[in-house]
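Hi everyone, thanks for coming. Have a look at the structure with me for a couple of minutes.

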Number of protein chains: 4
Amino acid sequence: MTDRNIHVQPSSGLAVEEQGVEIVERKGIGHPDSICDGVAETVSRALAQTYLDRFGTVLHYNTDESQLVAGTAAPAFGGGEVLEPIYLLIVGRATKSYEGERIPAETIALEAARDYLEANFPYLDVGTDIVVDVRLGEGSGDLQDVFGDEGSVPMANDTSYGVGHAPLSETEQIVKATEQRLNGEYSVDHPEVGQDVKVMGKREGDHIDVTVAAAMVDRHIEDLEAYKDAVASVRRYVEDLATEFTDRTVTVHVNTADDYEEGSIYLTTTGTSAEQGDDGSVGRGNRANGLITPNRPMSMEATSGKNPVNHIGKIYNLLSTEIAKSVVDEVDGIEQLQIRLLSQIGSPIDEPHVADAELVTEDGVTVADIEDEVEAAIDDELADVTNVTRRVVDGELSTF
Amino acid sequence: MTDRNIHVQPSSGLAVEEQGVEIVERKGIGHPDSICDGVAETVSRALAQTYLDRFGTVLHYNTDESQLVAGTAAPAFGGGEVLEPIYLLIVGRATKSYEGERIPAETIALEAARDYLEANFPYLDVGTDIVVDVRLGEGSGDLQDVFGDEGSVPMANDTSYGVGHAPLSETEQIVKATEQRLNGEYSVDHPEVGQDVKVMGKREGDHIDVTVAAAMVDRHIEDLEAYKDAVASVRRYVEDLATEFTDRTVTVHVNTADDYEEGSIYLTTTGTSAEQGDDGSVGRGNRANGLITPNRPMSMEATSGKNPVNHIGKIYNLLSTEIAKSVVDEVDGIEQLQIRLLSQIGSPIDEPHVADAELVTEDGVTVADIEDEVEAAIDDELADVTNVTRRVVDGELSTF
Amino acid sequence: MTDRNIHVQPSSGLAVEEQGVEIVERKGIGHPDSICDGVAETVSRALAQTYLDRFGTVLHYNTDESQLVAGTAAPAFGGGEVLEPIYLLIVGRATKSYEGERIPAETIALEAARDYLEANFPYLDVGTDIVVDVRLGEGSGDLQDVFGDEGSVPMANDTSYGVGHAPLSETEQIVKATEQRLNGEYSVDHPEVGQDVKVMGKREGDHIDVTVAAAMVDRHIEDLEAYKDAVASVRRYVEDLATEFTDRTVTVHVNTADDYEEGSIYLTTTGTSAEQGDDGSVGRGNRANGLITPNRPMSMEATSGKNPVNHIGKIYNLLSTEIAKSVVDEVDGIEQLQIRLLSQIGSPIDEPHVADAELVTEDGVTVADIEDEVEAAIDDELADVTNVTRRVVDGELSTF
Amino acid sequence: MTDRNIHVQPSSGLAVEEQGVEIVERKGIGHPDSICDGVAETVSRALAQTYLDRFGTVLHYNTDESQLVAGTAAPAFGGGEVLEPIYLLIVGRATKSYEGERIPAETIALEAARDYLEANFPYLDVGTDIVVDVRLGEGSGDLQDVFGDEGSVPMANDTSYGVGHAPLSETEQIVKATEQRLNGEYSVDHPEVGQDVKVMGKREGDHIDVTVAAAMVDRHIEDLEAYKDAVASVRRYVEDLATEFTDRTVTVHVNTADDYEEGSIYLTTTGTSAEQGDDGSVGRGNRANGLITPNRPMSMEATSGKNPVNHIGKIYNLLSTEIAKSVVDEVDGIEQLQIRLLSQIGSPIDEPHVADAELVTEDGVTVADIEDEVEAAIDDELADVTNVTRRVVDGELSTF
C-alpha cells in the first residue's frame, strides 16, 4: 500500500468473460435518457468553458438533472408529423454572479443544448419538434466553499466512489460498436436509421444474442417493403460487425416488437422514441463507460452534467475507467481488471480513501508477479487526476 | 333602418379633433404586449391556413392568450448579454383531430411563432434569448357546434360588439406614423433603434407633445455620446415627420426617463424591454386600429389570436374600422364617423343586432344630407363581411 | 384652474343614460379573466403588506400578468370530474432582497393565491383542480429609483391616465348588482350557481335586456329538470332585482346558448368555465369600476396586481372613480360626471398634468353654478391621493 | 433446469460479508431523489387502483419520470422561510380514455402526490413551499397491445432483467435501519430531525463507518448549542442501533460537512435539501431493496412509478428480491443468495428467459445438497408472480 491507499488483490470471482450468462445494454444517443445525458454534458462543458474564459477557474455548477417529456407524433411512410413537441427542461445549479460580474448561465445552456441537438439530430427541428426550457437555480453557498484554489488539487465534495473496468468483454465490445457504427459509418448511406438505437446483448455460454431496436425515419421509408428491407439491412450489418469481435456464434434480432399483421412497426418522424411517449432523464441510462453491465459493479451516480472539477462521483467514475484501460495497456498478463475509488470528503481527490484493484490474471501469471507494476501505474494515473477534468471540459471523454 | 338594423345619427359630442385634450398611445411591435399580439395573430393565421388547406374550412381555435415572462439582461455599450431568457407561453385552444385526421396544432404554432420572431426581431436569438413554449388545449365541444357550414355566413358565437372610427385625428396619425416609420424606413440606416418603440401623443388645444420611448440596441451604441446622438436623431426625425400631419406646434420628447448622471439610459441587448423586467400579454396593448385612444369608445376585446371566422369580437372590431374608413372615403362631408356593431348570439354575423353610425358632419353638411349614402355604404360592407375573414387569414389586416 | 391643473367643463355629448343604445358588461369573479384579476390583486396586497411589515415601505413589484390556462373537465349531473387541471401562472416582478434581507416573494404569492382561491371558490380543489405556479423576476433597477422617500407623495412612474365616472347608469347598476348578488346573497341558498357568472346589459331606448351566463355546479344539479329549474330561478331573481333600479322594461335571459335537444347546457364541476377551454388573463375583463362600458371612455390599463404606491395607471383609475363618486355625493345638480387624470412622469402624483372634469348638469343647473364646488371637491380628493394606496393595500378598494 | 429455465449454481466470488471493503448507501425519504421516487410510486398506485375500480383491469401507464427542481430557502434558528418554492413536475404516460369513458389521470396524480407529501413531510407546506405540476401524455398505442387479458399472466413488454439478494449484510442492515428508525421511532420525540436523512456505510475488514447527513429543522433548533445537541443525539442513537446488527466496531459520523467556525451547518426550514439547491429525479437513488450496493450487481431500472402489471423491469427487480428472501427463509444452509431474472419479450412473465440463482453456502453445505430445494422454492415464487403486482398496488412492497 502506498500513501494513496492503493490495494491490489485477486478478484474474488470469475472474469465476466467466463461467467455463464452475461447481459450488456447500450442506449444510443437518440434514446430519451441519452438525449438528456448528452444535453446535460454539453451544457456542463459550455458552462465550464465560460467560467474558465472569464475567471480562469471553473465555478460551482451542476446540470445533471435535465428532464425530457415525450411528445406526440404521427409518423407515416414517406414522412409524418410531430403533433405535440417534446419538452426538454434543463435543470440544475449554476453560479450566476461572481466578483461583481453576472454570468449568462441560462442562455449559455440554451445555446449549447440547441447546438448539440442540431448537430446530432438531423430529423429533429429544434424549436418546433422539441421545446428546450431551462431552470438553473443558484447553488447553495456551502458548496461553493469546497472549491480549492486555482492550480491545486480540489477537495472531494462528498463521500462517493467510482468503478471502472478493462478490457471490455466480447459482448460489451459488440454492443458498443453496434450502436456507435449504426449511428456512425452506417448512417452515411442509410439515413433511414434514426438516432434512437438501443442494443441489448445477452451471452449464454458461447452463444451471443444481439437485440437491436432501431427507430426508422419515416421520410426515408416509402412503404412496408422498404421498412422490411431497412430492418434486414441492419441485421446483416450487425451480423458482419459481430464477427470482428468474437468467434462465438451470434444471432442478431432487429425490431422484434414489430407486428406486420397489426401494422405495428418502429417508425418515427424524428428518429427518436421521445417523439411519442418515451420520457427521459439524465443518469438513467448508460454508465460512464457507455454501457449498462449488470455482471459488473456499477455506480448509480449520474456522470453527465456534473461539474468535472470537484464532483467526485463524476471524476472517479471516469478516472477509474481510464486507469483500468491504461493499466491493462501497460501491464502484460491481465485478463480482467476492476478499479474502485472511494473518496474521503474534504481530502484532496488525488488521495482517495481507498483505491482498490481487483485482478484476474492470465494463465501462468500471478497477482504477485505484476502487483508492483499495477500499483505504480495506478499511482501515476492518480497523480494526474486533474487531467480528467481538462479532458472532460475539452469533450475528449464521453460520459454516457 | 334597413333589415341590417343600421342606425345613422349625429354624434352626441364634439369631434375628437375639436376636444380640448386628446391622448393617444401606440405600443410598437417590440413592446412585450405587442410581441404577444403579433405571435398570437401569426399563430392564428397559421392554424387557419392549415385547416383551410387540409379540410377546406377553418376549424375551432383561439390563440389569444399568450403570455410573455420577461428575462434578465446585462446590456452594455458595444454589446451586452441576455442572462436569463424571455419565456413566451403560447396559450389557447385548437382542434387537434377532425374526421379521423390529427392536426399538429402545437408544432404549427411553434413554427409560426419562431418565423415571426426571426423575421421581426433581428437582435433576438430565438431559442436562446427567448424560449417559446406552447399549451394548446382542445376546445370545448359546445363551441364547435356554432360553426356554420362552408360557404355560408357564420353565426355569432357571442353577444359582443365592435367599434371603429375614421378618419384618424392629427395626433393619432402622428403617433401611428412615428412608430411605424421608426420601425420601418428609419431603421434601415439606424440599426441602433430597437423594435420596442412606444409613442404617447398628448394634444392640449393646438399643441401636441409626442413622447417616444425607444429601446436602443447596445451592439450599435459605442458609448454615451453615441447614445445621445441616437436619441437626438430620433427626435429630429419625429419632429420632421410630425409636420406632414399637422400645422399645430409639436414638441418631441425621447427617452425622458433617462438620467445621464446616474447612468440610467434605455439601452437593451435585444431591442425590447422584454429582456429585462417587462412582461406582456395579448390584448393589453393597441386596439384593432393600432392605437389606444381614451378619447374614443374602445372595445376591451383582444383582437389578436382570435378565430376570424366566428369570433364576433374580432370580426366586428376589424369590420367597424374598415366600414368607417370606407364610408369616409366614399361619402363627402364627413368630419368624423364612428361605427359600432353589436352582435346577436346565434344570428348570422352579417345581420348585427345593431349597426350604429355616429356622424360629425363638415360645416354646411347635415346628417340628413348624407344619411342614405352612409347607410347604403354600410350595408354594402356588411354584406361582404366574410371578406374580413379572408383578409385576416391572408395577413392583409393588422390586428394591433 | 388651480395649481393642480383642474379643468371643469361641460360634457361635449349626451349623458349615457340619454343615449339611444347602451351596452354594459360584467365578468363575475369566477370568469377566467376575473380569477386572474383577483389572484393578481390578492398577491399584490400580500406583497405590499409584507414590505410594509418588514421595511415600513412598499418596495417595487408588479404582479399584473398572471395567466390562466384552462383545464379539461367532464361535468355530469350529480357530480363530475376535472380531468386535467387548470394551470395558473403568477407572473410579475418583485423585490427579493433589500438591505441585506431576503424576501420570500414567491411563497408569499403562492400562499395568497391559494387562500384567495380557497376562500372564493368552494368547488375548486386547489392543488388538484388547479395548479398554481409562480415566476416572479427581479424588477429592473431603474424602476426602483423612481420610488419616493417614505411619507412623501411618490412621483409618477409613467405618463399614464385614469378615467372614472359617476353615477352609474341604471343599466350599469343592474349589471353590477346582478353579478354581485348572485355570487352573494343568492348563493347562500343556491349552491348550484357557480362563481362564473357573466352579465351583459343592453339598453335600447327604454328597454333593457339582461343576459346572464351562469355556470351551474353539477354536484347540486341532479338532472335536466333540476337544471331548468335552476335557470328559471336565476331569471326570476334577476327580474325582481332589476325593478329596484329602473322603471324601464327589462327582459332577462339566462344561459341562452343552451340547447336542451342536443344536451348542450352550461354545467360545470367547479363553477367556472376555466375548467374547460376558457383561458384567462389579468386586465382583459372588468375595468377598475367593475364594469366594461363601451359607451364611456375606458383605460386599457390593467389595474389588478399593479403596485398601488407608484403605478400611476392603477392609482389614477381608482382615484378618478373615487373622485367622481365623491363629487356627485357632495355637490347637487350633477346628472353625470366624468373625471380624467393625466400624469406627468417624474412629478408628484397629487399634481396631475391635467385633471379634467366633464359635467352633464341636471335641468336648471349650469356648469357655472357648481364649477367652484366641483373644483374644490376634486382638489380635496387629490390632496388625499395616498389614501388610495392605503385603501388598496387594506383591500377596501376593488380593482375589477 | 425446469421449464422455467431455473439455473442454480455456486457464486463465482466471495460473499459480500467476506469481501475486504463494502460500501452501502441509503437516501432517506426526504432526499430529493427519494421524494421523486415516493411521489412517482404513489401516483402509480393511485392510477392502478383507479383503473381497477373503474374497469377491473390496470390500463397502460408509467409515471416513473418525475423531476424535482430545488427551491431557495433562508433557514434560521427558531424558524426560517422558503423563498422560492420547490417545483415538482410529475411526468409520464397514462391512459386517459377507455371504452368511451374519460379518466382524470392528471387530477388523480396531483391528489395522490399532495396526499403523499402532506402525510410524510410535516414541515413542507404543499402549494406554498412546493409547487406540484403534472404532464401526463397519452401512451403510445403499441404498448397498449402488449397487455394480456384479464386474469392471465401478462407478457413481458421488454427484454429486461431484475436482480435481488438475501440476506442483507450487517452493513446493509445498519444503513437501512438507521434511516428508517431516524424517520420512524426516533422522530416521535425528535421533531428536529428532518426527513432528508442520507446514510453511507463503509466497512473495511471488521470496522464499519456509518456517515449520516441529517437535515435539521430550524423551527425546532433554537441556536447553535441546540444544533450540536441534536447532532450528538443522532450519533448516540445510531451507535446504539448498530450494536443490534453487528459485533464489529462501528464509528458513527453525523453532518461531517458542518463547519461551526464558518457558521456552515445543515439547517433547513422544511427538513429536506430540496429547499435549497438539490434537485432530484426518479430512479437515481435507492434500488428496489431500499439500498445502493456497489458490491452487488444492480439494475439501472427505475422501479418507482412503473406499471406493476407488465413493466418487467419493475416486476423482476421486486420479485427477485422477494424470491431471494423467501428462499433464504425456507432453505437452510445458505450464506448468500443472488437471484437474477431475465425476461423474454413477448413471453409470459412467469416464464423468464433465464432465472439464475447464485449461492454461497454455509460451511459444511454444498450447492448440490440444497439445489433441488432452492429450485423448487424459486419455481413456487415464479408461479405466483402476479402476486407481486397485487402487493405493489396495495402498497405492501416498497420500491425505493
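I'll talk about ring pairs, then charges over rings, and then one asparagine.

Quick housekeeping: this is a predicted model, where local features need pLDDT of at least 70, side-chain atom pairs count only at pLDDT 80 or more, and totals for chains, interfaces and linings use all residues. Residues are numbered from 1 along each chain as written, chains are lettered from A and ligands numbered from 1 in written order, and side-chain values use heavy atoms, with hydrogens and water left out.

So, how many aromatic pairs turn up over all chains? The search finds 20. To pair, rings of Phe, Tyr or Trp (its six-membered ring) need centres within 6.5 Å; planes under 30 degrees apart are stacked, over 60 edge-to-face, and the rest tilted. Take Phe55(C) and Tyr98(C): their centres are 5.0 Å apart and their planes sit at 80°, so that pair is edge-to-face. Phe55(C) belongs to helix α1 and Tyr98(C) to strand β8, 43 residues apart. (Helices, H or I with at least four residues, and strands, E with at least two, are DSSP runs numbered from the N terminus.)

Buried or exposed? Buried means under 20% relative accessible area, exposed over 50%, and partly exposed in between, using a 1.4 Å probe and protein chains only. Phe55(C), at 14%, is buried, while Tyr98(C), at 28%, is partly exposed.

Next, charges over rings: NZ of Lys or CZ of Arg within 6 Å of the ring centre and within 35 degrees of the ring normal. Arg135(A) has its charged end over Tyr87(D), 3.9 Å from the ring centre, and Arg135(D) lies over Tyr87(A), also at 3.9 Å.

Last one: Asn120(D), in helix α2 of chain D, is partly exposed at 27%.
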